[in-house]
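Q: Could we go through this one together, slowly? I'd like to see how the terms apply as we go.

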Amino acid sequence: MSRRLDQAYEDCRRLTHASGSSFYAGMRLLDAERRRALFAVYALARRIDDIADGQMSADVKLAHLDELRRELHRGDGAEEISLLVAVRDAARRYPIPLEAFDDLLDGAESDVRGQRYDTFPELEHYCRCVAGSIGRLCLGVFEPADQARAEPLADDLGVALQLGNILRDLADDLRHGRLYLPADDLDRFGCRVAAGRIDGAAELVVAFEAERALGRLARGMQLVALLDRGSARCVTAMTVAYRQLIERIADDPAVVLRRRVSLPPWRKRVLVATTLIRGAA
């Protein structure tokens, strides 16, 4: 492996670790080759997310996302950014569907434009773009026994985790004029959004979406049975903290109307360790 490629993978590892994501611990359970590949996938996905969530104007963000899309589709590989060097190499080693990054970029552009969703199928499509795409990219690294069965399960898992993100960030998003909850679901419970808050039985809407997320999560976790032991442990470790977070929101939906909810880092580490010990028993 060339020095440039070594550095590209190291850049991906550092970015993944610095993100503070609970996914990092799960990725470390893979063998070295797969771990590097997954770090590369996650790092590029994180870069896309950071652009969409950054402090630049919407026009500048869209220009950066478009430039990254064009770089992703370049065939010569000349003067690529470090993350793309690693991603291209990983895609040569594993059947990683790089076209899934287009879905992720589509979702990021929707975020920049402040897209709102009238129905749950519309929101679900967005979730499949920004999170189901990550699941499909990961499958390229995991190489499941039955790809056709695994893909929709990976999508369901991604939808569940993204719904968890949406609920976790609800209060902050409302304060900044962002809204992901479907208009149909707000109407169902007699709610309306005004002045950065949800008027009406907002707790019922949150509880409804949390239960929906848990249902998708239960279905998506059937993916584990299709993976080798190392990949299965990785997926389990990456999702256990999300499961507890969503369960907490389902039990106390009012909490996300007041503030952003998260599990402390020590709790995430305990959850991962406990889950892996049980899995090894």
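A: Let's start with a definition: a helix here is a DSSP run of H or I with at least four residues, and helices are numbered from the N terminus. Please keep in mind as well that this is a predicted model.

Q: Ok, so where is Asp 172 placed?
A: Asp 172 sits in helix α9, which covers residues 170-175.

Q: And is Asp 172 buried, exposed or something in between?
A: Its relative accessible area is 25%, so Asp 172 counts as partly exposed, given that buried means under 20% and exposed means over 50%.

Q: How far apart are Asp 172 and Leu 257 in space?
A: From C-alpha to C-alpha, Asp 172 and Leu 257 are 8.8 Å apart, while in sequence they are 85 residues apart.

Q: Can you tell me more about the last one, like where Asp 187 lies?
A: Asp 187 belongs to helix α10, which spans residues 183-188, and Asp 187 counts as exposed because its relative accessibility is 56%.

Q: New topic: how many aromatic pairs does the structure hold?
A: There are 7 aromatic pairs in the structure. One of them joins Tyr 117 and Tyr 126, whose ring centres are 5.4 Å apart and whose planes meet at 35°, so this pair is described as tilted.

Q: Why tilted, though?
A: Because planes under 30 degrees apart would count as stacked and planes over 60 as edge-to-face, with the rest called tilted, the 35° between Tyr 117 and Tyr 126 makes that pair tilted.

Q: Are Tyr 117 and Tyr 126 buried or exposed?
A: Tyr 117 counts as buried at 6% relative accessibility, and Tyr 126 counts as buried at 4%.

Q: Which residues form an aromatic cluster?
A: Phe 23, Tyr 42 and Tyr 242 form one aromatic cluster.

Q: Last topic, backbone angles: what is phi like in most residues other than glycine?
A: In most residues other than glycine, phi is negative.

Q: So what about Glu 143?
A: Glu 143 is not a glycine, yet its phi is positive, near 50°. Glu 143 lies in the loop between α7 (120-142) and α8 (147-168), and with a relative accessible area of 40% it is partly exposed.

Q: And what is phi for Ala 195?
A: The phi of Ala 195 is positive too, at about 55°, although this residue is not a glycine. Ala 195 is in the loop between β1 (192-194) and β2 (197-199), and it counts as exposed because its relative accessibility is 82%.

Key:
Residues numbered from 1 in each chain as written. Predicted model: local features only at pLDDT ≥ 70, side-chain atom pairs only at ≥ 80, totals over all residues. Heavy atoms only, no water. Helix = DSSP H or I, 4+ residues; strand = E, 2+ residues; numbered from the N terminus. Buried < 20%, exposed > 50% of the residue type's maximum accessible area, 1.4 Å probe, protein only. Phe/Tyr/Trp six-rings, centres within 6.5 Å; stacked < 30°, edge-to-face > 60°.
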